[in-house]
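Here are my notes for someone opening this one for the first time. Have the sequence and the 3D view side by side while you read.

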Amino acid sequence: MTAAQRVLVGALCTVLAAASGASAMADTLNLNIEGKTYQIELNASAEAQLLKAALPLKLEFEDFGRNERIAYLPHKLDIKSWKKPVEVKRGSLAYYVPWGNLCIFRVDYSSPNDLVLLGQMSEEAVRAVEEHGSGTLSLP
């Protein structure tokens with residue numbers, strides 16, 4: 001299935017879910033790294049929808065220790081509920097509430113209560129983020 005077909009199917013499923021009163025499916029974002037596109041599957045949370053509403057974004061990711069790569073958003077997301085521990089895996093996309101930055105995790109990690117999970121990306125996408133260094137990434 002092509003990317004255009006996946007977008008069309010996703011849009012159709014969202015419309016059908018809304019029409020039937022069911023909750024909408026999770027969204028897929030595109031992450032562009034040096035001309036190649038990788039998909040990030042957003043979870044079906046209100047917090048992930050806040051990120052989606054902030055798009056498109058051009059983000060500068062940087063290493064933050066061995067655990068993650070981080071990028072600061074132009075504006076903090078208005079996240080109200082986040083005081084519970086989360087378990088992230090390699091490839092998890094999360095939002096660090098105190099600083100207002102996105103995190104792409106390179107390793108599995110337990111967070112006491114300062115992260116909100118937003119989605120998950122493939123191993124191929126994580127490797128591309130690791131190899132890209134501190135270049136500009138975009139979420140169109």
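The points below go from the overall layout to one strand, then to the cores and the charged pairs.

1. First, the ground rules. This is a predicted model, where local features need pLDDT of at least 70, side-chain atom pairs count only at pLDDT 80 or more, and totals for chains, interfaces and linings use all residues. Residues are numbered from 1 along each chain as its sequence is written, and side-chain values use heavy atoms, with hydrogens and water left out.

2. The layout. You'll find three helices and eleven strands in the chain; helices (H or I, at least four residues) and strands (E, at least two) are DSSP runs, numbered from the N terminus. Reading from the N terminus, the order is α-β-β-α-β-β-β-β-β-β-β-β-α-β.

3. The chain has 140 residues, and 40% of them count as buried. Buried here means under 20% relative accessible area, exposed means over 50%, and partly exposed is in between (1.4 Å probe, protein chains only). The chain exposes about 7900 Å², with carbon and sulfur atoms supplying 57% of that; the areas come from the Shrake-Rupley method with a 1.4 Å probe, and for residues only the protein chains shown count as cover. Take the contacts (heavy atoms within 4.5 Å) between residues at least 6 apart in sequence: 58% of them join residues at least 24 apart.

4. Now zoom in on strand β5, residues 68–72. Four of its five residues are buried, so the strand is largely enclosed by the rest of the structure. Strand β4 (residues 62–64) runs antiparallel to β5, and three bridges join the two; strands pair if DSSP finds at least two bridges between them. The hairpin they make has three residues between the strands, and Gly65 takes a positive phi near 65° there. β5 is also joined to strand β8 (residues 101–105), by five bridges and again antiparallel.

5. Arg69 is worth a click. Its bridge partner in β8 is Ile104, while Asp63 has Arg69 as its bridge partner in β5. The side chains of Arg69 and Asp63 also meet in a salt bridge, at 2.9 Å from N to O. A salt bridge means a side-chain nitrogen of Lys or Arg within 4 Å of a carboxyl oxygen of Asp or Glu. Arg69 counts as buried because its relative accessibility is 1%, whereas Asp63, at 46%, counts as partly exposed.

6. Yet Glu68 has no salt bridge, and the nearest side chain of opposite charge, Arg106, is 9.5 Å away. (Lys and Arg count as positive, Asp and Glu as negative; His and the chain ends are not counted.) Leaving aside residues up to four places away in sequence, Glu68 touches Glu62, Asp63, Cys103, Ile104, Phe105 and Arg106. Glu68 and Ile104 are 36 residues apart along the chain, but their C-alpha atoms are separated by 5.5 Å.

7. Next, the nonpolar cores, meaning sets of buried Ala, Val, Leu, Ile, Met, Phe, Trp, Tyr and Cys residues joined through side-chain atoms within 4.5 Å. The largest has 29 residues, and those touching the most other members are Leu51, Leu93, Tyr95, Leu102 and Leu118. Elements that each supply at least two residues of this core include β1 (28–33), β2 (36–42), α2 (46–53) and β10 (115–121). Helix α3 gives the largest share of this core, four residues. Apart from it lies another core of eight residues, among them Val86, Ala94, Cys103 and Phe105.

8. Finally, the charged pairs. How many salt bridges does a search of the whole structure find? It finds nine. One of them pairs Lys80 with Asp78 at 2.6 Å, N to O, and both of these residues are exposed. Another is between Arg90 and Glu123, whose closest N and O atoms are 2.8 Å apart. Arg90 sits in the loop between β6 (86–88) and β7 and Glu123 in helix α3, so this pair ties together parts that are 33 residues apart in sequence. Arg90 is partly exposed at 26%, and Glu123 is partly exposed at 36%. Salt bridges that share partners join Asp63, Arg69, Arg90, Arg106, Glu123, Arg127 and Glu130 into one network.
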